[in-house]
Amino acid sequence: MAGSLKIALIGNPNTGKTSVFNHLTGLNQQVGNYPGITVERKTGSCKLPGIVKGNIIDLPGTYSLNASSMDENVVIELLLNKTDKDYPDVAVVVTDVENLKRNLLLFTQIKDLEIPTILAINMADRMDKKGISLDIPYLESRLNTKIALISSRKGTGIADLKELIVNYKSLSTEPCLHASSIDPDYFNKLRKAFPNELLYKLWLLISQDANFGLSHKTELMGTSFTKTRADLKRLQQKETIKRYQFINDVLKVGQVIDTSKAKDLRARLDRVLTHKIFGYVIFLGILMLIFQSIFSWSELPMGLIEEGTAWLSNFVLGNMAPGKLSDLLANGVIAGIGGVVIFIPQIAFLFLFISLLEESGYMSRVVFLMDRLMKPFGLSGKSVVPLISGTACAIPAIMAARNIENWRERLITILVTPFTTCSARLPVYIILISLIIPETKLAGIFSLQGLTLMALYLLGFLGAILSAWILNKILDAKHKSFFVAEMPNYKLPLLKNVGLNVLEKTKAFVYGAGKIILALSIIIWFLGSHGPGDNFSNAEEIVKGQQRPLNPEELDDAVAAYQLEHSYIGIMGKTIEPVIRPLGYDWKIGVAIVSSFAAREVFVGTLATIYNIGSTDNEVTIRERMDSEIDPITGKKVFNFATGISLLLFYAFAMQCISTLAITKKETNSWKWPLIQLFGMSAFAYVVSLIAYQLLK
Amino acid sequence: MDIQSIIAYILVAGAAAFLVKKIFFKKKKKKDCGDCGCN
Amino acid sequence: MKTTLAALKKGQKATITDFNIDAIPLKLLEMGCLPGNVVELLQIAPLGDPLYINVNDSHVAIRRETALEIDVELLDVASL
C-alpha cells in the first residue's frame, strides 16, 4: 500500500518482541503462513505520529542471521531480498536490557545490511532491580543508531519508539563491523568481483543454504569463492568473535552493572523447578491441572453449546416448512457449525495454560526436564503437553504442537497425538466394556471393567510412543539437529499477550479447520439422508407395508432405521461388510463405524437408530438392545467377547475423526499428512482388530 | 424438485467444490520449500 | 586443571579453552560459548542429560554429547 511505512520487528526470542508488537498493533493483527511452509507470518498495522500508517511484520525470533531453522531462515530471506513486498523501510531490533551483550550480536549483523535500524532496549523496568545503568548517547554514537528505552510491561517508551520510526530517514546506515575484517584477502576479492553488492550480504549468501531468489547465488556457486562447510564455519566463528569483541568494547563503557544490587530470582526458581525430584513432581502437577481444565472445566460450556445447537436446530425445523433445505440446515449446517464451536472451550483453556507457561519462561524448563526421555522417539521436550492434552481431545493438542520449533519433532508429535485416548472414544469404550466385561472385582478391590479402561488408555500411549519411534526411524533428518535451548528469565506473564494469543488460536481454528469441518458435515449429511433408487424416499410406505401397525413413535424409529440402511452411508456400511466380517462385525456395525468418521461418539447413536430405537436417549435401553442382538448367520450374540475386544481395539487405533484430519491439514499445510494418518492408522487398527478377533473367537 | 431441494443441493455441491479446491489448489502454491536447508 | 565441560560438577566454573568446531553448532558460539569466556554449570538433568549452563550471561541447555566436545580449564575458587 503506497504511503505506509514498512517496519520489521526483529530480535532474539524472549525479549518481549511480541509484547512490543502487541503494543504497536493492538487488535489490528493478522496471522497467516509464509507460502509453502508452516512458519507463522504475523503482520499488523499501527498509527504513527503525523498521520503516517505503519505496516509491521513481526519476524520469528532469531539469535543471529546465520539461520539454523526454518523460522530463522524466513528472517534472512526477507532481509536479503529487496524485491520482497515485505522488505522493510526500517528495522526495529528488540533487545532485553538484561541480555544486551548477546542480543547485540543480531543487531550488529542487521546494521551491516545497511538497513535503517532502531535499537529498542526492552524491559527497562528491570534495570533498577538488576543494578544496570546505560549511557544512551554513548551507545547511540558507537552503534550508529537511535535507541528507544522501553518497557513493554509498563507500556513506557512506545511513543518514543514511534517517533523514531517515523523519522527513520535520519538514521545512519553505517555498518558496525566491516565484514571484510573477517578475512581481508577473501573479501577484497569478493569486492572486486561484485563491486555493487554489499559485502556482508554476499557473505551471507555464500555461507547460507537458503534460497533467496537472487541471481547472484547461482553465479557464486561453482566459482572460486565457494568454500567447504568446515571453512565456512571457521570464518563464521571468526565473525562471531569479532562481533563480540566490538560489543564487549562498547558495553564496557556504555553499560554499568552494579552486581551488589542484582537479585537473582531465576537461580532460586531454577533450583526448585529443575530439581531431580521436585522438578518432575511440580511438572506432573501442572500437567494434571491442564488435563483437568480441558476435561472437566470445559464440560459446562460444552454442554451449553450442545444445548444451544440442539435448540437452534429445533428452531429451524419448527419455523421452516419441512423440506430438504430445512433438514440440511438443521442436521447438516447447524450440526456442523456446532461441531466446530464445541471445541472452543477446550482450545481456549489449553492455550491459556500454554501461553502462561511460555510467557513465564517455565516451558524451557519443561524441555530441559523431558528432553532425555523424548529424544529417542524423535520428540521434543515440549511434546509432552500435546500428548497429555490429547487424552482430552486431539484437536487443541495438535494445535499446541505449534510451539515446538523443530519441524521434524513437531510433525512427529502431530502425527502420533491422535493415538492417545481422547474423550470421544469414552462413550464407545464404556458401552462395549459394560457389554463384554463382567462386573467382577479383582482381589475384591480392582474392578475388572475399570482395569480394562485403564488398559485402553495405556494402549493409546504405547501406540503413540511406538509410532513416534517408528517415524523417527523412517523420516529422514536432513541435517543433524543440534540442541541449544535458551533458559530465559522468569517473568510474570502479561495478560494482554496471553489473551491475544488465546484469541488468535481460537480464530485460527474456527476459520481454518472450521471451514473444512463444515463442508465435510454437509457432505456427510447428504450421504446419510439420500439413497439410490426409491427405497430411501418411499421409506415410510415400505415400512408400513412390511410391519404390523405401529404407534407414531415406533413408526418414526422404524422409518429412520430403514432410511439409514438404504442411504449412501448404509450402502457403504453394507459394502464393507465382507471386509469387516473377519473382524467380527456385521453390516450394522459397519454403518456405525462409517458414521463415526464425523465424530467417534456418534457410534452409539447410530447403532441405536439402526436397532429401531433412534428416538431414545436411555443408555440402559440401548445397551440391553445391543446385548440381545443375534447374528443371523452365526446364531450367536453380535456383541460377544471377541467382537467386543476387536471393536475396542479398532476404536483405539483407527483414525476416525474428520476434525482431527482437518486440523492436521491446517497445521502441516498439506493433505499428505492427514491422509497418511487416515490410512496408516486405520490399516493398523484393521490388522490388530483382525488378529484379536481371530484369536479370541 | 421444490425450491428447498434445489437450494439444498446447491449448498452440497458448493461444499464438495470447496473441498476439491482445497485439495488441488494447495499444490499450485506450494514451493518446494521443504528443503530450505533447515534443521 | 584441563577437562571437558561434560565433566564439570554442579556449580563449578571454568574457562573455555578450545572446542571441536565441527561438533559444536554455530548457534552455541553465537550464544557466547567462545574461547576465553567463563562457563558455569548450573544444573544437570536427572538422567545426566541435558546440561544447564551459564556462559557469557546466556543461560542455555545443551546435550552431553555437545558438552564433551568443549575443553575447559577449571577455575579454582581462589581466582574467582
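Reader: Into which domains is chain A divided?
Author: In this predicted model, domain 2 of chain A is made of the segments 278-297, 343-424, 445-460 and 470-493.

Reader: Which elements give two or more residues to the side of domain 2 of chain A that touches domain 3 of chain A?
Author: The C-alpha centres of these two domains lie 30 Å apart. Their contact takes 20 residues from domain 2 of chain A and 19 residues from domain 3 of chain A. The side of domain 2 divides into 17 nonpolar residues, two polar and one charged. The elements asked for are α15 (344-360), α18 (394-400), α19 (407-416) and α21 (448-474) of chain A.

Reader: Which residue in β5(C) is the bridge partner of A:Val484?
Author: Chain C has 28 residues in contact with 29 residues of chain A. On the side of chain C, α1 (26-31), β3 (38-44) and β5 (58-62) each give two or more residues, and the largest share, six residues, comes from α1(C). Strand β12 (residues 484-486) of chain A pairs with β5(C) in the antiparallel sense over three bridges. Within β5(C), the bridge partner of A:Val484 is C:Ile62.

Key:
Residues are numbered from 1 along each chain as its sequence is written. Chains are lettered from A and ligands numbered from 1 in the order in which they are written. This is a predicted model: local features need pLDDT of at least 70, side-chain atom pairs count only at pLDDT 80 or more; totals for chains, interfaces and linings use all residues. Domain bounds come from an automatic or database domain assignment. Two residues are in contact if their C-beta atoms, placed from the backbone, lie within 7 Å. Helices (H or I, at least four residues) and strands (E, at least two) are DSSP runs, numbered from the N terminus. Ala, Val, Leu, Ile, Met, Phe, Trp, Tyr, Cys and Pro count as nonpolar, Asp, Glu, Lys and Arg as charged, and the others, Gly among them, as polar. Two strands pair if DSSP finds at least two bridges between them.
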